[in-house]
Amino acid sequence: QGRLVESGGGLVQAGGSLRLSCAASGRTISSVTMGWFRQAPGKEREFVATITWTGGTTHYADSVKGRFTISRDNAKNTIYLQMNSLKHEDTAVYYCAANPVLGTTSLAAAWGQGTQVTVSS
């Protein structure tokens, strides 16, 4: 079945940067759209960014546009989320997803277990 494993989360001060990784094992993600989502305490999961299998098209939530960059390395079966100028409101558990259904925040072929990002103000 395969797994998606996120890493790179942690505690950072506001204005700082983090780079999240999502590595796939037991499955190839090189031919599917991949995405990042996040869920803050007491809130619904929300869309962050997606990237097509070629990496040629990306989409971002308005709240992260200009600060976050999604990318992928198909040779490494891995996607990334570079997060700059982090804000307290970016605090959440970040999940990667394989082949997410556009317009939803819960439907995807596979989900990772999540990695915690905490931004101190």
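Because the coordinates are predicted, local features need pLDDT of at least 70 and side-chain atom pairs count only at pLDDT 80 or more, while totals for chains, interfaces and linings use all residues. Residues are numbered from 1 along each chain as its sequence is written, and side-chain values use heavy atoms, with hydrogens and water left out.

The largest nonpolar core has 29 residues, and the members touching the most others are Leu4, Trp36, Val48, Phe68, Leu81, Met83 and Tyr94. At least two core residues come from each of β3 (18–25), β4 (34–39), β5 (46–51), β7 (68–73), β8 (78–83), β9 (92–98) and β11 (115–120). Here a core is a set of buried Ala, Val, Leu, Ile, Met, Phe, Trp, Tyr and Cys residues joined through side-chain atoms within 4.5 Å; buried means under 20% relative accessible area, exposed over 50%, and partly exposed in between, using a 1.4 Å probe and protein chains only. Strands are DSSP runs (E, at least two residues), numbered from the N terminus. Setting aside neighbours within four places in sequence, Val48 has contacts (heavy atoms within 4.5 Å) with residues including Trp36, His59, Tyr60, Val64, Phe68, Leu81 and Tyr94.

Searching the whole structure for aromatic pairs turns up two. Rings of Phe, Tyr and Trp (its six-membered ring) pair if their centres lie within 6.5 Å; planes under 30 degrees apart are stacked, over 60 edge-to-face, and the rest tilted. Phe37 sits in β4 and Phe47 in β5, 10 residues apart. Phe37 also pairs edge-to-face with Trp111, at 5.1 Å and 65°. Trp111 belongs to β10 (residues 110–111), so this pair ties β4 to a part 74 residues away in sequence. Phe37 is buried at 2%, whereas Phe47 is partly exposed at 27%, as is Trp111 at 24%.

Charges over rings (NZ of Lys or CZ of Arg within 6 Å of the ring centre and within 35 degrees of the ring normal) also show up. Arg19 lies over the face of Tyr80, 4.0 Å from the ring centre, and Arg45 sits over Tyr95 at 4.2 Å.

Finally, the backbone. Asn77, in the loop between β7 and β8, has a positive phi of about 55° without being a glycine, and is buried at 14%. Ser85, in the loop between β8 and β9, has a positive phi of about 50° and is not a glycine either; Ser85 is partly exposed at 42%.

Key: Helix = DSSP H or I, 4+ residues; strand = E, 2+ residues; numbered from the N terminus.
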